[in-house]
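Student: Could you take me through a protein structure step by step? I would like to ask questions as we go.

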Amino acid sequence: YSALLEWMRAFGQLMKVGVEGTGAYGAGLARLLRAEDVEVVEIDRPDRKKRRLQGKSDPIDAIAAAKSAAAGERTGVPKQRDGRIEALRNLRLARRSAVDQRATIQRQIKSLIVTAPDEVREQLRHLPATKLISTCAALRPDPADAASPATATQLALRSLARRHQQLSTEITDLDDLLDPLVAAINPRLIATHGVG
């Protein structure tokens with residue numbers, strides 16, 4: 001980014017830079033430019049109709065971005081990607097991932113129980129989800145007997161249940177970080193009935 005900035009300044013006074021994707025791939029560049037007191041504008045993606053006529057070309061896209069920035073057309077306010085909102089976004093991403101993985105694990109556990117040998121299936125199939133996870137996590141199959149389908153199923157169930165528990169702990173830890181952050185950003189939101 002520093003080399004790019006130096007290159008841009010070699011052409012004369014740098015007034016403003018148009019960056020596409022300041023909230024994603026352009027975030028680092030936008031941060032550096034702001035730190036160097038260079039005005040940054042968010043450039044919309046190139047017009048698809050024009051792109052079809054001209055074809056995909058990075059040089060053409062760069063020229064179009066520069067013209068848009070200079071003219072103030074198809075531009076927006078760049079995302080800052082800093083402060084508490086950015087912190088919240090990052091923590092939410094981690095939490096969402098943990099929740100999705102935990103749900104997948106729970107489906108895998110139930111799927112294993114459906115196809116498990118009778119003695120394993122009968123022991124587990126009627127348990128509610130919370131009890132099922134704790135029961136599976138506490139299983140103590142003999143690893144020396146892993147070639148047996150019943151033992152292998154129990155080993156797999158125990159592994160998945162323990163991973164489920166670890167993800168639950170991770171989600172709780174992230175919630176403990178998120179709750180005060182959301183309250184600090186927008187206390188009225190948390191105070192609203194039905195919002196959690």
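Tutor: The conversation below goes through the fold, the helices, the charged pairs and the surface.

Student: What kind of model is this?

Tutor: This is a predicted model, in which local features need pLDDT of at least 70, side-chain atom pairs count only at pLDDT 80 or more, and totals for chains, interfaces and linings use all residues. Residues are numbered from 1 along each chain as its sequence is written, and side-chain values use heavy atoms, with hydrogens and water left out.

Student: How many helices and strands does the protein have?

Tutor: The protein has nine helices and three strands. Helices (H or I, at least four residues) and strands (E, at least two) are DSSP runs, numbered from the N terminus. Along the sequence, the pattern reads α-β-α-β-α-α-β-α-α-α-α-α.

Student: What share of the residues count as buried?

Tutor: Of the 196 residues, 29% count as buried. Buried means under 20% relative accessible area, exposed means over 50%, and partly exposed lies in between (1.4 Å probe, protein chains only).

Student: And what about contacts along the chain?

Tutor: Among contacts between residues at least 6 apart in sequence, 63% join residues at least 24 apart. Contact means heavy atoms within 4.5 Å.

Student: Let us turn to helix 2. Which of its residues are buried?

Tutor: Helix 2 covers residues 27-35, and its buried residues are Ala27, Gly28, Leu29, Ala30, Leu32 and Leu33.

Student: What covers them?

Tutor: The cover includes helix 1 (2-9), strand 1 (16-19) and strand 2 (39-43). Just after helix 2, Asp37 takes a positive phi of about 60°.

Student: Where does Gln154 lie, and what does Gln154 touch?

Tutor: Gln154 lies in helix 8 (residues 149-185). Gln154 counts as buried because its relative accessibility is 18%. Leaving out residues up to four places away in sequence, Gln154 touches Val120, Gln123, Leu139 and Pro141.

Student: What about Arg158? Which side chain of opposite charge is nearest?

Tutor: Arg158 is also placed in helix 8. Arg158 is buried yet has no salt bridge, and the nearest side chain of opposite charge, Asp142, is 9.0 Å away. A salt bridge is a side-chain nitrogen of Lys or Arg within 4 Å of a carboxyl oxygen of Asp or Glu. For charges, Lys and Arg count as positive and Asp and Glu as negative, while His and the chain ends are not counted. Not counting residues up to four places away in sequence, Arg158 touches Cys136, Ala137, Leu139, Arg140 and Pro141.

Student: How many salt bridges does the structure hold?

Tutor: The structure holds five salt bridges. One of them joins Arg9 and Glu36, whose closest N and O atoms are 3.6 Å apart. Because Arg9 lies in helix 1 and Glu36 in the loop between helix 2 and strand 2, the pair ties together parts that are 27 residues apart in sequence. Arg9 is partly exposed, at a relative accessible area of 39%, and Glu36 is partly exposed at 36%.

Student: Which other pairs are there?

Tutor: Asp118 and Arg121 meet in a salt bridge (2.5 Å, N to O). Both lie in helix 6 (residues 118-124), three residues apart, about one turn of the helix. Glu122 and Arg125 also meet in a salt bridge (3.3 Å, N to O). Glu122 is partly exposed, with a relative accessible area of 43%, and Arg125 is partly exposed, with 44%.

Student: Why can such side chains pair?

Tutor: Side chains of opposite charge can pair when their charged atoms come close.

Student: Now the surface. Which residues form the negative patch?

Tutor: The negative surface patch is formed by Glu170, Asp173, Asp176 and Asp179. Patches are made of residues with over 30% relative accessible area and no salt bridge, with like charges joined within 9 Å and nonpolar side chains (Val, Leu, Ile, Met, Phe, Trp, Tyr) within 5 Å. The place of a charge is taken as NZ of Lys, CZ of Arg, CG of Asp or CD of Glu. Asp173 lies in helix 8 and counts as partly exposed at 44% relative accessibility.

Student: Which residues make the nonpolar patch?

Tutor: Leu4, Trp7 and Phe11 make a nonpolar surface patch of about 370 Å². Accessible areas come from the Shrake-Rupley method with a 1.4 Å probe, and for residues, only the protein chains shown count as cover. Leu4 is placed in helix 1.
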